[in-house]
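Please keep the sequence and the 3D view at hand while going through the points below.

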Amino acid sequence: MSRVPRLVLEVLKSRATLRDSKPYLSMFTQRQPTPPVPRSAAQDRAVLHDKAQSMPDAPPLSLATDATSTADRTSRTVPSLDKTYTALVKLQGPFSDRQLGSIAEGLVYLQKLGLMCAIVLDHDSWPRSYPEALEDEDLLSDTSSSPETCRGLLEAGLRKRMVQELWRVADALTDAGASSWPHTDAVMCISSHPSNMHLVGDASLHNVYRALRGGHIPIIMPMALYEPPNEHTLRNVCVDANQVMVSLSREMSSENQTEDLTPLRLMVISREGGVPSHARNGHPHLMINLASEYDSIRASYIWNETHPAALSNLTMLRDCLAYMPHVASGLMASHRSPQSLVANLITNKAAYSPSLPPRLLAARREMRHMPTVVRAGMPVSVMTRWQDIDLGRVQKVLESSFHRKLDAPAYFARLEKCLDFMIVTGDYEGLAIVTREYAPDDLPHTEPIAYLDKFAILPSLQGSGAVDFLWNALRDEVHGLGLLDALNNNGGHNGIGQGRDLVWKSRAANKVNRWYFERSNGFMTLPGPPPHWYLFWCDAEDRLKRYAGEPIVSPGARLDDVWTNASETAPMLPIIVPEEQGRWDRWARCLQRIPSAWKA
C-alpha cells in the first residue's frame with residue numbers, strides 16, 4: 001500500500017465526526033485564492049461552446065448544493081495553507097530502525113495534513129545537564145590526563161553519539177518521504193548570569209525557522225553553547241532535552257517573531273507512552289487537566305520504575321503550554337501507536353472520552369498503548385459556602401446552556417436550603433450543582449440523597465473537553481470519593497471520605513441521554529404521565545469494589561497492605577445486595593417532588 005492510501009486509512013481510523021473535525025478544517029484547510037490563468041480568445045470560445053452543449057437544467061455540482069452525493073467525486077486540488085502551523089516533537093529513544101521508521105511515517109502524515117514538526121532528540125542514556133555530562137569517575141581519576149583533557153574527551157564522545165542518532169532520525173525521515181534539516185550545532189546557549197542560568201535562543205535558531213518555512217523538518221540535538229566562568233572559549237555541552245523544548249516554546253511564541261511560528265501541538269514520543277492512571281489499573285490517562293490534576297498526579301504517582309520519565313515529561317509539557325495559546329495541547333504517545341498522532345491532530349481530543357467509566361474500556365487491547373492528551377485546562381473549584389457563590393453568573397451559565405429562562409428567585413431560595421456543593425470550572429464557564437434531598441417519608445437522621453440538580457457548560461466550550469473535566473471532578477466528590485485516583489486539591493473532600501450514590505433525572509426525549517447512558521450504572525423510567533423522565537444513577541465505586549473483592553486504594557492506604565489483603569477470588573454477588581434494597585423506590589419518590597427550575 002502506497003503512502004497516500006495509508007494516510008487516508010489513518011484518517012479514517014481516527015473516528016473523527018464532523019463536529020470533532022471542525023476545528024481542524026477551519027484552521028488547517030484555508031485555501032489561498034488562486035490567481036486566474038490567462039486564456040486566449042480561442043480557449044474562451046471553446047469554453048463557451050462546452051457550456052452551450054451542457055444540459056440547461058443540470059445544477060452545478062458543489063459541496064454546498066450536492067453534499068450527500070459527493071462520495072464518487074475526488075478533488076485533485078491540494079489545499080494550500082495561509083500560514084505555517086508547527087508542532088514541537090520530542091523523540092525520547094532508544095528506538096530500533098523499524099520503530100524509527102514507524103515514527104517517521106507518522107510525522108510525514110502530519111506534514112501532509114498541514115502540520116510542520118520540529119524534532120528535539122533525547123535518549124535515556126544521555127545526561128540530563130551539563131555537570132552530569134562531565135562526571136565519569138573512571139575517566140576523571142586517570143592521573144595521566146588533566147581534568148580539562150578528560151572533560152574534552154567526554155564532550156567529544158557524547159557529541160559523537162548524538163550526531164549518530166541525529167543522522168539515524170534524518171535517514172528515517174528521508175526514507176518516509178520527508179525533507180529533513182539536521183542541525184549538528186547548538187541552537188541554544190546557556191545564559192551566563194550567575195543567579196539565573198537558563199537556556200536562551202542562539203542566532204542559529206533562525207535556521208530552524210527557515211527550515212519550517214521551507215517545508216523541512218528540523219532535527220535538533222539537546223546541546224547548548226556554554227562559556228565557563230573565567231574562560232573565553234565556547235563549548236557545545238549537553239543539556240536536558242526538556243529544557244530545550246521549553247526554551248523553543250518560549251522563543252517560538254515570542255511576539256518578536258516576524259512570522260508567527262507559535263507551536264499548536266506538543267508531542268512526546270517514547271517507549272513509555274502516556275502517564276499511568278490509578279483509575280485505569282496502570283493504563284494511561286486519556287486526558288489530563290493540568291490546572292486541576294497536576295499536583296494530585298504527582299502526589300499519587302507510583303510508577304517510577306516502569307515509567308521513570310513520565311512525570312518529568314508532564315512537567316515539561318506544563319511549562320511549554322504556559323507560553324502557548326489556550327487551544328494548544330500536548331500528547332504523550334508510545335512509538336507503538338503512530339496513528340494516534342493523526343487522530344489527535346484532527347480532533348484535538350483523546351481517543352476515547354476521559355469521563356467514560358474505566359470499566360467500559362478496560363477490555364480493549366489498545367488501552368495499554370493509548371496516548372495521553374495534556375491540556376492547560378481550567379481550574380476546578382468546589383464551593384460549599386452559599387456566600388461564596390456568584391448567583392448572577394450561575395444564572396447566566398444555566399440559561400446559556402439550557403436555552404431557557406430560569407425562575408431565579410424560587411430556584412435560588414430552594415438551593416440555599418439544600419445545597420451540598422457546587423463545582424465551578426474556569427471563570428464560571430461550567431457548573432455542577434449537587435443538592436441534599438430526601439424522600440417524603442424519610443425518617444430523621446436518614447442519609448440524604450446526593451442529587452445532581454444541574455450540570456451545565458457554556459455553549460462556547462462544548463467540544464473542548466471541559467465537560468469531561470467537570471464530570472471527572474463531580475465523580476471525585478461523590479461516587480468516586482475514597483479512592484486514590486480521586487485525590488485532588490479542588491477545595492472539596494480532597495479524595496478522603498466514603499463514596500455516595502449519585503442520582504439525577506432527565507427527560508426521556510433529551511438528546512444528551514446517550515451521554516448519560518454511557519456514564520451511569522443504570523437508569524429507570526420514573527412513574528407518571530407524559531412527558532416521561534429517566535432516573536439515572538452512579539453507584540459508589542468503593543462499595544462496588546468491596547462487593548467484588550477488589551483492592552481499594554484510598555488516599556491514606558499503604559499499597560503493600562492493599563495488595564496483601566486483597567481477596568484472591570471474587571465473591572458471588574446477588575443482583576441486589578441487602579443495603580441497596582428499596583433505594584430505587586426512595587429515589588423515585590424523592591425526584592418526583594423536586595420542582596422545576598424554569599419559568600413556564
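Strands E4 (residues 188-190) and E7 (residues 223-226) pair in the parallel sense, and two bridges join them. In that pairing, Met188 stands opposite Ala224 of E7. The model is a predicted one.

**The four-stranded sheet**

- E4 and E7 belong to an open sheet of four strands, whose order is E5-E4-E7-E8 and whose pairing is mixed.
- The edges of this sheet are taken by E5 and by strand E8 (235-238), each of which pairs on one side only.
- On average, and with direction ignored, neighbouring strands here are turned by 45 degrees against each other.
- Helix H9 (residues 241-252) lies across E4 and E5, and its direction runs at about 40 degrees to that of E5.

- Ser204 sits in the loop that runs between strand E5 (199-201) and helix H8 (205-213).
- Leaving aside residues up to four places away in sequence, Ser204 touches Ala186 and Val187.
- A polar atom of the Ser204 side chain lies 2.9 Å from the backbone oxygen of Ala186.

**The seven-stranded sheet**

- A second open sheet to look at has seven strands in the order E13-E14-E15-E16-E17-E19-E18, with mixed pairing.
- Strands E13 (380-383) and E18 (522-525) stand at its edges; each has a single partner strand, so one side of each is left without a neighbour in the sheet.
- From one strand to the next, the twist of this sheet averages 25 degrees.

**Gly177, a loop residue**

- Gly177 is found in the loop between helix H7 (147-175) and strand E3 (180-183).
- The relative accessible area of Gly177 is 55%; the cut-off for exposed is over 50%, so Gly177 counts as exposed.
- Gly177 and Ala104 are 73 residues apart in sequence, while their C-alpha atoms are 8.9 Å apart in space.

**Cysteines**

- The count of disulfides comes to zero.
- Cys117 has a relative accessibility of 1%, and because buried means under 20%, Cys117 counts as buried.
- Cys320 has a relative accessible area of 0% and is likewise buried.

**The chain as a whole**

- The secondary structure of the protein chain comes to 20 helices and 19 strands.
- The protein chain has 600 residues, of which 48% count as buried.
- Among contacts in the protein chain with a separation of 6 or more, 70% are between residues 24 or more positions apart.
- The accessible surface of the protein chain is about 31,200 Å², and 53% of this surface belongs to carbon and sulfur atoms.

Technical notes:
Residues are numbered from 1 along each chain as its sequence is written. This is a predicted model: local features need pLDDT of at least 70, side-chain atom pairs count only at pLDDT 80 or more; totals for chains, interfaces and linings use all residues. Side-chain values use heavy atoms; hydrogens and water are left out. Two strands pair if DSSP finds at least two bridges between them. Axes are lines fitted to C-alpha atoms, for helices over the stretch in contact, and angles run from 0 to 180 degrees between N-to-C directions. A polar contact is a pair of N or O atoms within 3.5 Å; within protein, one must be able to donate a hydrogen and the other to accept it, and residues adjacent in sequence count only if both atoms are side-chain atoms. Contact means heavy atoms within 4.5 Å. A disulfide is a pair of cysteine sulfur atoms within 2.5 Å. Buried means under 20% relative accessible area, exposed over 50%, partly exposed in between (1.4 Å probe, protein chains only). Accessible areas come from the Shrake-Rupley method with a 1.4 Å probe; for residues, only the protein chains shown count as cover.
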